[in-house]
Amino acid sequence: MNSDANTTYLVRHAQTAYSAHHVVNGALHVDIPLDDAGRAASRRYAEADWLAGIASCRTSGFGRTLQTAQLLLPGDRVPTTPDHRLNEIDYGSFEGGPWLTYGAWLVEAGWDAVPPGGTESWRGCVLRMLDGLLDCLTLPGPRLVVGHGLLGSVARWLAGPHPPSGATTALPVFPEAPYLEPLVLDEEELRRLVAEGRRQFDRPVDRSNAGRAVAR
């Protein structure tokens, strides 16, 4: 893998008891930790050659991202800082329930809707995550960013082939982000990804196609 100073490695945190069963956790006061499988997988990944050159690390404010970072980069050798812009979405009343229940609501309600009991929309969350990802470029590189499934899924979608700006009329079907596998971006690629995300999502959505796509 590329490991020069302009490289950012974006990974999803390792497995938790909730994520293993596709249960949502966006409430910091709940903050589900890694499970045994997640900790073991992180220790195995820590042997990857590319991790040896990491100069800085950014996590969300959730413990599972910090746990993952500490297991991937043992010994406190790499400065690690949290950024709450990378936090998982606030699921409101869907907290602790199946992702499919939230996903079905999201398809019907649209990406500007705030879930009952929540504080932000899907669109608002994605845009703040992208802002947080872009700000990681202020850190020394190569850098590791440990985020959540939503950011990983959206970033992988934006990094691949997708409709041109303005062509998305409903929430796309995003690939599920794998645990711990890095999306490797140089500075130009990361800036382009964030810019494309803003073009795709920072605009009104055509609700005439609601229900035809699902966000992951």
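Trainee: Why does R85 count as partly exposed?

Mentor: Its relative accessibility is 31%, and partly exposed is the range between buried (under 20% relative accessible area) and exposed (over 50%), with a 1.4 Å probe and protein chains only, so R85 falls in the middle class. The model is predicted, so local features need pLDDT of at least 70 and side-chain atom pairs count only at pLDDT 80 or more, whereas totals for chains, interfaces and linings use all residues. Residues are numbered from 1 along each chain as its sequence is written, and side-chain values use heavy atoms, with hydrogens and water left out.

Trainee: What makes D83 buried?

Mentor: D83 has a relative accessible area of 9%, which is under the 20% limit, so D83 is called buried.

Trainee: How do you know that D83 and R85 form a salt bridge?

Mentor: The term asks for a side-chain nitrogen of Lys or Arg within 4 Å of a carboxyl oxygen of Asp or Glu; the closest N and O atoms of D83 and R85 are 2.8 Å apart, so the pair qualifies.

Trainee: What makes the pairing of R58 with D83 a salt bridge, and where do the two residues lie?

Mentor: The N to O distance is 3.5 Å, which is within the cut-off, so this pair also qualifies. R58 is in strand β2 (residues 56-59), while D83, 25 residues apart from it, is in the loop between β3 (80-82) and α3 (99-109); here strands are DSSP runs of E with at least two residues, and helices runs of H or I with at least four. Both R58 and D83 are buried.

Trainee: Which residues are linked with R58 in a network of salt bridges?

Mentor: D83, R85 and D135 are linked with R58 in that network, and the structure holds 13 salt bridges.
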